[in-house]
Amino acid sequence: MLIISHHPLTGIQLRNLICSLPPRPSSSKMERWVWAYFLFIAALMAASCIPSESAISKGSFEDNFSIMWSEEHFKTSEDGQIWYLSLDKETGCGFQTKQRYRFGWFSMKLKLVGGDSAGVVTAYYMCTENGAGPTRDELDFEFLGNRTGQPYLIQTNVYKNGTGGREMRHMLWFDPTEDFHTYSILWNNHQIVFFVDRVPIRVHKNNGEENNFFPNEKPMYLFSSIWNADDWATRGGLEKTDWKKAPFVSSYKDFSVDGCQWEDPYPACVSTTTKNWWDQYQAWHLSDSQKMDYAWVQRNLVIYDYCKDTERYPTLPVECSLSPWD
């Protein structure tokens with residue numbers, strides 16, 4: 001059976017590709033679809049410089065992670081392939097990688113809390129330390145729950161040396177509670193890109209100079225947690241968590257990492273551009289197909305961008321002048 005991705009542009013691009021293909025002798029419509037589909041996927045993979053899932057090393061939960069708190073709120077499926085974090089009125093739960101990394105590709109599939117999730121935040125992020133230290137570097141995905149029938153919002157943020165305030169918020173083009181979707185971060189010395197189902201939704205560029213906005217010096221762990229944030233997460237704190245609906249459960253699977261594992265005092269892999277695709281020239285910029293996707297996201301899904309908030313920042317931060325298209 002032919003399965004077409006839920007990617008917001010893939011279907012459009014695929015139909016355009018099919019229409020442009022010359023008919024093959026005695027080919028059926030289905031054969032043309034299959035032919036076009038595989039041509040498209042091959043071209044997309046080559047253009048995006050993102051490895052296929054099979055090319056990325058994986059492992060069990062125990063291989064990669066440690067539970068940070070509330071082990072009784074953590075469960076796995078019978079086969080151990082799906083992990084569940086739960087939140088009730090007493091506490092939430094969280095886990096972190098055993099290893100630190102500096103640069104690479106980091107990916108996880110999540111299915112978020114369904115139904116009435118107001119006040120509930122599922123966080124998936126990278127950070128230099130366990131805790132909100134005053135000099136931490138951090139890359140955040142935060143999924144902000146909502147009342148039944150209202151869309152989830154996804155918030156991203158970037159910290160360097162303890163300074164954040166670089167929030168962006170997006171709507172999603174699907175219901176993240178119905179199925180698993182892939183959330184990924186590409187991090188090298190030139191750019192940080194946040195992906196949803198391999199669609200770039202945010203690009204944070206470096207200017208190649210010493211600065212206070214691009215985290216590139218400290219290794220980071222990867223974390224995830226579920227917690228109560230009804231003082232701010234849903235409509236600025238107006239919508240409170242309905243504990244009658246507890247426990248709230250978020251689900252995880254298929255953690256993938258292709259990155260530079262930190263080794264003291266300084267791992268050699270962070271300075272090479274010959275062995276690691278995520279540190280080669282093609283990964284320093286969006287590909288043409290990624291730019292098309294990114295433009296679609298900017299037109300349709302962005303609901304807050306700190307770089308456009310002139311009331312909050314009368315003088316915009318330096319990084320706001322850096323083009324994500326370069």
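What follows covers the disulfides, the aromatic pairs and the charges placed over rings.

This is a predicted model, in which local features need pLDDT of at least 70 and side-chain atom pairs count only at pLDDT 80 or more, while totals for chains, interfaces and linings use all residues. Residues are numbered from 1 along each chain as its sequence is written, and side-chain values use heavy atoms, with hydrogens and water left out.

**Disulfides**

A search of the whole structure finds two disulfides, a disulfide being a pair of cysteine sulfur atoms within 2.5 Å. C260 is bonded to C269 with the sulfur atoms 1.9 Å apart, and this link is right-handed, with 75 degrees about the S-S bond. The sulfur atoms of C307 and C320 are likewise 1.9 Å apart in a disulfide; here the torsion about the S-S bond is about -80 degrees, so the disulfide is left-handed. Both C307 and C320 lie in the segment after β15 (302-305), so the pair ties together parts that are 13 residues apart in sequence; strands (E, at least two residues) are DSSP runs, numbered from the N terminus. With the bonded cysteines of the protein chain numbered in sequence order, the pairing reads 1-2, 3-4.

| Residue | Relative accessible area | Class |
|---|---|---|
| C260 | 0% | buried |
| C269 | 23% | partly exposed |
| C307 | 18% | buried |
| C320 | 22% | partly exposed |
| C93 | 0% | buried |
| C127 | 1% | buried |

**Aromatic rings**

The whole structure holds 28 aromatic pairs, counted for rings of Phe, Tyr and Trp (its six-membered ring) with centres within 6.5 Å, where planes under 30 degrees apart count as stacked, over 60 as edge-to-face and the rest as tilted. Among them, F103 and W187 have ring centres 5.1 Å apart and planes at 75 degrees, so the pair is edge-to-face. F103 belongs to strand β5 (residues 101-111) and W187 to strand β10 (residues 181-187), so the pair ties together parts that are 84 residues apart in sequence. F103 is buried at 2% relative accessibility, and W187 is buried at 0%. Another edge-to-face pair joins W262 and Y266, at 5.9 Å centre to centre and 70 degrees between the planes, with W262 buried at 13%. Ring pairs also link F61, F65, F74, W83, F95, Y252 and F255 into a cluster.

**Charges over rings**

A charge sits over a ring if NZ of Lys or CZ of Arg is within 6 Å of the ring centre and within 35 degrees of the ring normal. R136 lies over the face of Y159, 4.3 Å from the ring centre, and the charged end of K253 sits over the ring of F180, 4.5 Å from its centre.

Definitions and conventions:
Buried means under 20% relative accessible area, exposed over 50%, partly exposed in between (1.4 Å probe, protein chains only). Helices (H or I, at least four residues) and strands (E, at least two) are DSSP runs, numbered from the N terminus.
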